[in-house]
Amino acid sequence: QLQASGGGLVQAGGSLRLSCAASGSSISFNTWAWYRQAPGKQRELVAIIISGGSTNYADSVKGRFTIARDNAKNAMSLQMSSVKPEDTAVYYCYGRIPMRAYWGHGTHVTVSS
């Protein structure tokens, strides 16, 4: 039900915008988040935004990434700026309502040096 898009190849220092939409669903998520998993590493939380608009970021992306939500469209985005090769990973969107969490299929982001 969650569709992620926007991944691709970008040069270090560049920008990329990931999007996630709850297609075909009327579920209103109270929490949205982006996770990522690099090759050989565990999945980690990148950014999270709750219903009131409060956000939190992994230290490694603070000041470079911005998460935003569009409640009217039941969607969210991740604006990635000043990307680094270590941002290379599969990025997953995540939506949560009480008692249930939803995951989207990953979208690949590759940052070349």
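**Entry 1: a starting residue**

Buried means under 20% relative accessible area. I applied that cut-off to Leu-18 and found a relative accessible area of 0%, so Leu-18 is buried. I note that this is a predicted model. Leu-18 sits in strand E3.

Next I listed what Leu-18 touches, leaving out residues up to four places away in sequence. The list includes Ser-5, Gly-6 and Gly-7. It also includes Trp-34, Leu-78, Met-80 and Tyr-91. Thr-107 and Val-109 are among the contacts too. I then checked Leu-18 against Gln-1. The two are 17 residues apart in sequence, and their C-alpha atoms are 16 Å apart in space.

**Entry 2: the whole chain**

I stepped back to the whole chain. How many helices and strands does the chain have? I found zero helices and eleven strands. Read along the sequence, the pattern is β-β-β-β-β-β-β-β-β-β-β. The radius of gyration is 13 Å, close to the 13 Å that the globule rule gives for 113 residues, so the chain is as compact as a globular protein of that length.

I looked up the box around the C-alpha atoms. Along the principal axes it is roughly 40 × 25 × 25 Å. Buried residues make up 41% of the 113 residues. I also looked at contacts between residues at least 6 apart in sequence; 52% of them join residues at least 24 apart.

**Entry 3: the core**

Which residues touch the most other members of the largest nonpolar core? They are Trp-34, Leu-78, Met-80 and Tyr-91, in a core of 29 residues. Strands E3 (16–22), E4 (31–37), E5 (44–50), E7 (65–70), E8 (75–80), E9 (89–97) and E11 (107–112) each supply at least two residues. E3 gives the largest share, four residues.

Not counting residues up to four places away in sequence, Leu-78 touches Leu-16, Arg-17 and Leu-18, among others. Trp-34, Val-46, Ala-47 and Tyr-91 are also on its list, as are Phe-65, Thr-66 and Ile-67.

**Entry 4: an open sheet**

Four strands form an open sheet in the order E1-E3-E8-E7, with antiparallel pairing. The edges are strand E1 (2–5) and E7, and each pairs on one side only. Neighbouring strands of this sheet are turned by 15° against each other on average, direction ignored.

I took a closer look at E7 and E8. They pair in the antiparallel sense over six bridges. Thr-66 stands opposite Gln-79 in E8.

**Entry 5: the disulfide**

I searched the whole structure for disulfides and found one. Cys-20 and Cys-93 form it, with their sulfur atoms 2.2 Å apart. Why is it right-handed? The torsion about the S-S bond of Cys-20 and Cys-93 is about 55°, so the disulfide is right-handed. It links distant parts of the chain: Cys-20 in strand E3 and Cys-93 in strand E9, 73 residues apart. Are the two cysteines buried or exposed? Both Cys-20 and Cys-93 are buried.

**Entry 6: a hairpin**

I moved along to E9 and its partner. E9 and strand E10 (residues 100–103) pair in the antiparallel sense over four bridges. Gly-95 has Tyr-102 in E10 as its bridge partner. The two strands form a hairpin with two residues between them. Met-99 in the turn has a positive phi of about 80°.

**Entry 7: positive phi in loops**

I kept a note for context: most residues other than glycine have a negative phi. I then looked up two loop residues. Asn-74 is in the loop between E7 and E8. Its phi is near 55°, a positive value. Asn-74 has a relative accessible area of 13%, so it is buried.

Ser-82 is in the loop between E8 and E9. Ser-82 has a positive phi of about 50° although it is not a glycine. With a relative accessible area of 43%, Ser-82 is partly exposed.

**Entry 8: Pro-85**

Where is Pro-85? I found Pro-85 in the loop between E8 and E9. Its relative accessibility is 35%, so it counts as partly exposed. Not counting residues up to four places away in sequence, Pro-85 touches Ala-12, Val-111 and Ser-113. I also checked Pro-85 against Val-109. They are 24 residues apart along the chain, and their C-alpha atoms are separated by 9.7 Å.

Terms used
Residues are numbered from 1 along each chain as its sequence is written. This is a predicted model: local features need pLDDT of at least 70, side-chain atom pairs count only at pLDDT 80 or more; totals for chains, interfaces and linings use all residues. Side-chain values use heavy atoms; hydrogens and water are left out. A nonpolar core is a set of buried Ala, Val, Leu, Ile, Met, Phe, Trp, Tyr and Cys residues joined through side-chain atoms within 4.5 Å. Buried means under 20% relative accessible area, exposed over 50%, partly exposed in between (1.4 Å probe, protein chains only). Contact means heavy atoms within 4.5 Å. Two strands pair if DSSP finds at least two bridges between them. Axes are lines fitted to C-alpha atoms, for helices over the stretch in contact, and angles run from 0 to 180 degrees between N-to-C directions. A disulfide is a pair of cysteine sulfur atoms within 2.5 Å. The radius of gyration is taken over C-alpha atoms; the globule rule is 2.2 Å times the number of residues to the power 0.38.
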